[in-house]
Amino acid sequence: QKIWGYHWGYQKTDTPIMPLTDAKIRSSKPAEKAFKVSDSGGLYLLVNPNGSKLWRWKYRIAKKENHFAIGAYPQVGLAEARTARDEARKLVKQGIHPAHERQAQQAAQVAENANTFEAVAREWIDKKKPGWTPYYLRQVERFLAADVFPYIGTLPIRNVTAAHLLEIVRRVEGRGAETVAVLLRQWASAIFRYAVATLRADADPAAALKGAIHRPKVKHHRPLSRNQIVDFAKALDRYGGYRTTVIALRLMLLTFVRTVELRAAEWDEIDLDRAEWRIPAERMKKREPHLVRLCRQAVEL
């Protein structure tokens, strides 16, 4: 009586399988029906009638037989197929189907490729812009589009390194725009912190560049002296241009508001009877409403 059985590396209980060789694989010609050429440890090569040769690995989970597709020969060589089998066997020991793990890795890679630096940066901008002035929003978008996105915008954000960012800020610094270089580093750092918080990055490489750019000391315009203010007021009286310009400059002297707050003022903000000017939060730098008490001269103007 002869009994056929199966064990890792054997087709018969008494005859071991001879491991495959490249020569044997190449010599396996297609037949009318698909057939298997076994290696060891459940690994085999499926030879199809059309000539394709596909690596498969047979395994069991919960007493159910399964087959894992490793790849096609010769794109996947014999040594690679055996390595893939060994890696898959580790997963099976944990009760994980190798095909399911591969699908999960592919999905993660697709998501990783979708999370480019530019995509995450624009998402960060959308989150932040309700609290920004239109001017600041334009500034962020313009400098990122001009100096950052062309170089690292298409890279997955996890692949962007401190070296990438240093090259960018050095390039901007080299053209004499040190302040812009500092801003770009700060914005990049904020983008990476947002990516970390949303589980799309592990760290902020821009943090390592803090202090890498030397910002020149800001030279503000010297304030007018007491006598210069008197001369300036007299010059306004002689100014032959628009009356609106004269009024605006005099109001600046009386209220000390910023030019953007004055130029964008609306009549419904001003109560002449109460001598008050209430500037709404969206036009203030710190996003808080501001009350300006108007003196008699300001009310007249």
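The model is predicted, with local features needing pLDDT of at least 70 and side-chain atom pairs counting only at pLDDT 80 or more, while totals for chains, interfaces and linings use all residues. Residues are numbered from 1 along each chain as its sequence is written, and side-chain values use heavy atoms, leaving out hydrogens and water.

Let us begin with the aromatic rings. A pair of aromatic rings is described by the distance of the centres and the angle of the planes. Here rings of Phe, Tyr and Trp (its six-membered ring) pair if their centres lie within 6.5 Å; planes under 30 degrees apart count as stacked, over 60 as edge-to-face and the rest as tilted. By this rule there are 8 aromatic pairs. One of them joins Phe117 and Phe149, edge-to-face, at 6.5 Å centre to centre and with 65 degrees between the planes. This pair links distant parts of the chain, 32 residues apart: Phe117 belongs to helix α4 (residues 117–128) and Phe149 to helix α6 (residues 149–152). Helices (H or I, at least four residues) and strands (E, at least two) are DSSP runs, numbered from the N terminus.

How covered are these rings? Buried means under 20% relative accessible area, exposed over 50%, and partly exposed in between (1.4 Å probe, protein chains only). Phe117 is buried because its relative accessible area is 0%, and Phe149 is buried too, at 8%. Next come Trp132 and Tyr136, whose ring centres are 5.1 Å apart and whose planes stand at 80 degrees, so this pair is edge-to-face. Trp132 counts as buried at 17% relative accessibility, whereas Tyr136 is partly exposed at 27%. Both belong to one aromatic cluster, together with Trp124, Phe143 and Trp187.

Charges meet rings here as well. A charge sits over a ring if NZ of Lys or CZ of Arg is within 6 Å of the ring centre and within 35 degrees of the ring normal. Arg142 places its charged end over the ring of Phe143, 4.7 Å from the centre. Likewise, Arg171 lies over the face of Tyr151, 3.9 Å from the ring centre.

Now for the sheet. Strands β5, β6 and β7 form an open antiparallel sheet in the order β5-β6-β7. Its edge strands, each pairing on one side only, are β5 (270–271) and β7 (290–293). Two strands pair if DSSP finds at least two bridges between them. β5 and β6 have 2 bridges, and β6 (residues 276–279) pairs with β7 over 4 bridges. Glu276 is a handy residue to look at: Asp271 has Glu276 as its bridge partner in β6, and Glu276 stands opposite Arg293 in β7. The hairpin of β5 and β6 has 4 residues between the strands, and Ala275 takes a positive phi near 55 degrees there.

Two stops remain. Thr83, in helix α2 (residues 78–93), counts as partly exposed at 45% relative accessibility. Finally, Leu224 lies in the loop between α8 (178–197) and α9 (226–238), and Leu224 counts as partly exposed at 44% relative accessibility.
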